[in-house]
Amino acid sequence: MAQTTTTSNSREVDFKLLRPKNYFANERTFIGWLQLAVTMGGLGLALLNFGGDGVRVHISAFVFETGALMLIVYAYITFWRRAQRLRRGERGTWDDRFVPAIVVIFFIFATAINFGLTFHKKVYIPPMNHLLATTMSWGRMQWRSS
């Protein structure tokens, strides 16, 4: 027999009828975490593809990609555990109290690493061919070695 309760307007509510709503809410939460993970992964790939060459780009991209993978694993584990709780009909808290704050702190940390590695030198020196560099001076081509 299904569990029922009486609401303030004297209607009986069957909790078995409310269960699909909870399953869909669990899936929406899972998809929301995956969207955030894809955004983090996209930032990492954008840094890797358009950030230039060098170790700093690889470190920054690695930090963002690692965070995205950790977020995917967390989202899956949370989805699976909540689905198990829903199947068993358990009650309790369903909210995440600490993980959103941890994700925000991670974004700040990863962005700080990216800026710190980018602007650690006061002057940016573009990559040049160290054997020969060409300059134009008064309409003539001059060759100089670096």
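## Chain layout

In what order do the elements of the chain run from the N terminus on? The order is β-β-α-α-α-β-β. The chain has three helices and four strands; helices are DSSP runs of H or I with at least four residues, strands are E runs of at least two, and both are numbered from the N terminus.

This is a predicted model, in which local features need pLDDT of at least 70, side-chain atom pairs count only at pLDDT 80 or more, and totals for chains, interfaces and linings use all residues. Residues are numbered from 1 along each chain as its sequence is written, and side-chain values use heavy atoms, without hydrogens and water.

## Burial and contacts

The chain holds 146 residues, and 18% of them are buried (under 20% relative accessible area; exposed is over 50%, partly exposed in between; 1.4 Å probe, protein chains only). Its accessible surface is about 11500 Å² (Shrake-Rupley method, 1.4 Å probe). Carbon and sulfur atoms account for 66% of that surface.

Of the contacts (heavy atoms within 4.5 Å) with a separation of 6 or more, 54% join residues 24 or more positions apart.

## Helices α2 and α3

Helix α2 spans residues 55-88 and helix α3 residues 99-118. Their axes come within 8 Å and cross at roughly 170° (lines fitted to C-alpha atoms over the stretch in contact; angles run from 0 to 180 degrees between N-to-C directions). α2 is therefore roughly antiparallel to α3, a label for angles over 145 degrees.

On the α2 side, the contact includes Ile59, Val63, Phe64 and Leu71. On the α3 side, Val103, Phe106, Phe107 and Ala110 are among the partners. The contact residues divide into 12 nonpolar, five polar and one charged (Ala, Val, Leu, Ile, Met, Phe, Trp, Tyr, Cys and Pro are nonpolar; Asp, Glu, Lys and Arg charged; the others, Gly among them, polar).

## Arginine 56

Arginine 56 lies in helix α2. It is partly exposed, at 26% relative accessible area. Beyond its neighbours within four places in sequence, arginine 56 touches Gly51, Asn114, Leu117 and Thr118. Phenylalanine 115 is 59 residues away in sequence, yet 9.6 Å away C-alpha to C-alpha.

Tryptophan 33 contacts Leu71, Tyr74, Ala75, Asp96, Val99, Pro100 and Val103, leaving aside neighbours within four places in sequence.

Note on methods: Parallel < 35°, antiparallel > 145°, perpendicular 65-115°, else oblique.
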